[in-house]
Amino acid sequence: MTRLKHSVRYVAHLASSLAISLTVSLCLLQASHARPLDEIIDAGRITFFVYSDYAPYSWSEADEYHGIDVDIAFALGKKLGVEVDILMRGADENLDDDLRVNIWKGDLIHRKVADVMLHAPYDPEVNARNEFAVLMAPYFQEKMAVVVDRKAIPELKSFGRFVTNPIAVELDTAGDFFLSNAFRGQLQDSIRRGRTFADAIGLYMDNEVPALMASRAQTEWVAKIATKRDSYIAQPPMPGIVRTGWPIGLAVKHDSRDLGYELQELLSQLLDTGELQAIFEQYGVEYLPPELN
Amino acid sequence: MQRKIWLALASSLSVGAVAFAGSANADVGIADIMGDQSTTEDIVSYGLGPRAQRYSPLATIDKSNIKNLFPVWSFSFGGEKQRGQESQPLIKDGVMYVTGSYSRMWAIDIATGEELWQYDARLPEGILPCCDVVNRGAAILGDKVFFGTLDAKIVALDKDTGKVVWRKTIGDYEAGYSYTAAPLIVPTEKHGPLILTGNSGGEFGVIGEVQARNPETGEMVWSRPTIEGNMGTLMGAESTMTGTKNESWPGDMWKNGGGATWLGGTYDPDTKLAYFGTGNPAPWNSYLRAGDNKWTSARIAIDPEDGEIKWGYQTTPHDGWDYDGVNEFIPFDMEKDGKMVKAGASADRNGFFYILDRTNGEFISASPFVQNITWAKGIDENGKPIFDPDNRPGNPAESADGKKGKSVFAIPSFLGGKNWMPMAYSQSTKHFYIPSNEWGMDIWNEPVTYKKGAAYLGSGFTIKPIFDDYIGSLKAIDPATGDIKWEYKNKAPLWGGVLTTAGGLVFTGTPEGYLKAFDDETGEELWKFQTGTGIVSSPITWEQDGEQYVAIVTGWGGAVPLWGGEVAKVVSYLNQGGSVWVFKVPEQLAAR
């Protein structure tokens with residue numbers, strides 16, 4: 001709890017140091033229509049962007065939205081006193097693209113943007129190079145992990161295990177990138193890539209692989225739903241991985257930072273009351289506060 | 001005359017389509033398509049004939065009277081939807097069929113410039129096209145016109161009414177597939193005419209494929225994936241595997257290897273083969289996929305009878321620069337050392353101009369068509385690139401310390417020595433006219449980036465011009481020697497196709513908005529017309545009622561304005577548009 005509040009101050013400081021360059025950019029660009037807090041309250045609606053096919057954070061099933069981020073969006077909307085709309089789309093090549101398509105410029109065809117992007121990794125460098133979006137309010141900590149079947153691999157101390165044992169991963173994700181490079185490519189023949197995360201989970205559930213690599217929250221989710229397997233979560237050393245953990249926050253348009261501050265405050269309240277932790281727990285995921293340094 | 005009355009009547013109705021279904025308009029036969037290059041009164045294929053040489057035997061307009069070429073009419077695509085217009089119109093019985101951005105199509109009465117019908121595809125939410133919302137043109141057969149839409153569908157419309165006859169799915173747009181190329185219609189003995197489509201999609205997870213359908217019903221006859229290890233289909237059942245699994249790909253990466261056939265194909269009635277270019281491999285980082293990665297960045301020849309690959313030739317094996325080699329393969333007969341060779345030519349993204357034996361794919365020659373190429377020192381006698389290891393972008397994984405890592409300046413840039421825009425081959429001069437660009441790119445390993453909420457190491461790049469005064473370069477090349485005969489330099493990058501005629505003319509458009517005509521022997525600029533927005537499409541010419549017409553679609557866009565960098569400086573002021581312009585030499589002036 002104290003950590004989140006600390007993070008709020010930290011972001012405020014970062015934002016003010018960027019204020020000059022952002023003012024310049026405001027003059028240069030007649031911004032695509034931004035929606036600061038007042039307008040959202042007046043309109044009585046707010047739109048949150050979340051990723052599709054991203055259990056346990058956000059996914060759709062039978063025309064309904066599910067997941068931790070979806071629940072957080074509705075909890076925030078309730079606190080703001082407005083209706084919540086969800087804009088759910090796939091991830092683009094990187095966060096910078098996601099910010100452009102979903103927050104400040106819109107997609108090429110329908111030009112649709114959201115007021116807030118949830119699940120935006122909080123990183124000052126990314127923030128600095130995206131002048132039309134602001135990263136704010138880190139609300140939890142993400143890590144990489146492996147979910148392992150105890151019967152097949154009783155103990156996992158090294159990824160060397162996967163020179164001979166297959167491991168599932170979602171195609172073209174951080175886990176795929178790590179495994180493809182690990183041990184100078186020696187795991188290449190063991191990697192079973194799922195086209196989507198659901199496909200990768202399928203490989204684990206169907207006993208085709210004894211392990212699956214993903215974010216920690218994703219592995220905890222898999223452990224929860226793979227009821228036929230006795231699973232545990234492991235985090236062996238990941239030589240060459242770019243980051244072992246990073247904070248996740250939200251993003252707003254550069255001229256809607258008052259909305260961002262309000263949501264920071266509301267997230268702090270959700271944390272104080274334990275509602276935020278309860279949302280994570282519902283999906284079998286342990287809540288970890290953001291680690292900022 | 002009868003036809004003109006029909007057209008006048010039809011266009012005077014608010015929706016002329018219904019009145020239009022009479023016998024006035026003949027159906028298009030497969031023989032019309034195969035002979036399209038020599039029949040000057042219509043254009044019933046993309047490229048003015050299945051070989052797509054973009055050569056017209058018309059000579060009414062020539063070097064002496066081109067100065068008298070004037071606009072007849074201009075037709076606006078309307079709406080708020082503009083962006084890049086890369087389409088080549090079709091012409092049949094006094095009607096123009098033209099596609100536009102956002103998957104739209106119009107039929108226009110050429111005599112008046114008035115609309116006969118419009119079709120506007122309803123595009124679903126959730127399409128994220130990587131590279132603008134373009135469409136490159138339609139195909140026509142029987143009483144139908146066909147085109148592909150951004151949500152990876154192919155639509156058959158009644159050519160007289162614009163009503164949908166059938167609509168089929170090429171790929172799942174939610175999985176990253178799209179469609180922008182003109183379909184290709186080819187004859188077969190077993191199945192009658194087939195309509196062939198490639199596919200688009202830049203994301204990791206896409207597999208290049210060519211699909212063949214019955215044009216009457218849209219039913220799939222065969223499909224052929226471009227990546228080894230994947231199975232083709234024939235008449236609803238699995239046919240054969242493409243290549244040999246894991247011959248040139250590690251692990252299970254062949255399941256998601258890229259190689260999209262996003263530019264469509266050409267067909268040679270002589271060899272009876274369809275030729276398709278294939279795109280770059282995935283993932284982008286070449287260190288993750290040891291091997292040649294077949295058939296990415298390649299030309300493949302497919303037998304339309306059963307969808308089998310007869311030969312393949314990789315221009316950039318184990319691509320590490322995003323040299324997305326989909327470039328068109330143009331069959332032509334080449335006289336070399338006193339012998340006639342059944343050749344084919346392709347000007348690749350990687351900057352080399354290739355001549356292959358079109359019967360078997362054997363390498364004949366390759367020569368640079370842009371300057372200062374760095375990624376390879378040349379192409380060896382077997383047709384393999386002589387890589388320069390210093391100029392392969394570094395492995396992002398090597399910069400795990402979070403530093404910027406190795407930076408490489410590669411020429412050409414990933415947008416290519418030549419991108420999608422089709423070149424032309426003149427049967428008069430025996431030269432190819434190649435719309436090219438002189439630019440390079442810095443590529444470096446990016447410190448940290450995030451994909452779908454997780455940290456990883458990617459690559460950054462920025463495109464840079466090589467010369468101060470120009471990027472675009474239209475070149476005349478002798479395919480027998482590789483010699484560059486002349487060059488026209490253009491400040492902005494060229495992004496439009498080329499047309500050449502027996503009248504000794506070479507036409508192309510510029511982003512600055514000019515449609516220009518050049519002397520095919522000297523490159524001298526003979527004529528230009530300012531259309532009011534950038535040109536990124538391919539010109540056509542045809543004859544109607546004894547007069548020669550020229551047409552071009554206009555509207556700035558395409559991939560260039562999406563990338564920025566230093567190139568943005570020469571294009572950022574350009575205005576969007578969306579129209580088609582039609583020109584002719586007025587009768588009284590043509591006679592002079």
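B:Asp337 sits in the loop between strand S21 (330-336) and strand S22 (339-347) of chain B, where helices (H or I, at least four residues) and strands (E, at least two) are DSSP runs numbered from the N terminus. Although B:Asp337 is not a glycine, its phi is positive, at about 50 degrees.

Before we go on, a word on the model and its labels. This is a predicted model, in which local features need pLDDT of at least 70 and side-chain atom pairs count only at pLDDT 80 or more, while totals for chains, interfaces and linings use all residues. Residues are numbered from 1 along each chain as its sequence is written, and chains are lettered from A and ligands numbered from 1 in the order in which they are written.

A:Arg111, which is not a glycine, has a positive phi of about 60 degrees. You will find A:Arg111 in the loop between helix H5 (95-104) and strand S5 (116-121) of chain A, and with 11 C-beta neighbours inside 10 Å it counts as exposed. Most residues other than glycine have a negative phi, and most peptide bonds are trans.

One joins B:Ala282 and B:Pro283, with omega about 0 degrees, and B:Pro283 belongs to the loop between strand S18 (273-277) and strand S19 (298-303) of chain B. Another runs from B:Ile411 to B:Pro412, with omega near -5 degrees; B:Pro412 is in the loop between strand S27 (407-410) and strand S28 (424-425) of chain B.

Now step back to chain B as a whole. Chain B contains 5 helices and 42 strands. Its radius of gyration is 23 Å, close to the 25 Å that the globule rule gives for 592 residues, so chain B is as compact as a globular protein of that length; the radius is taken over C-alpha atoms, and the rule is 2.2 Å times the number of residues to the power 0.38. Of the 592 residues of chain B, 60% count as buried.

Inside, the largest nonpolar core has 163 residues, and those with the most contacts within it are B:Tyr97, B:Ala138 and B:Ala139. Such a core is a set of buried Ala, Val, Leu, Ile, Met, Phe, Trp, Tyr and Cys residues joined through C-beta atoms within 7 Å. A second, separate core of 90 residues includes A:Ala55, A:Tyr57, A:Met136 and B:Ala397.

The chains also meet: 32 residues of chain B are in contact with 38 residues of chain A, contact meaning that two C-beta atoms, placed from the backbone, lie within 7 Å. On the chain B side, strand S31 (449-451) and strand S32 (454-456) are the elements that give two or more residues.

Finally, turn to helix H9 (residues 216-225) of chain A. Of its 10 residues, 8 are buried, so helix H9 is largely enclosed by the rest of the structure. Among the buried ones are A:Arg216, A:Glu220 and A:Trp221. The buried residues of H9(A) pack against strand S6 (133-149), helix H8 (197-205), strand S9 (211-215) and strand S10 (231-234) of chain A.

Note on methods: A residue is buried if 20 or more other C-beta atoms lie within 10 Å of its own, exposed if 12 or fewer, and partly exposed in between; C-beta atoms are placed from the backbone.
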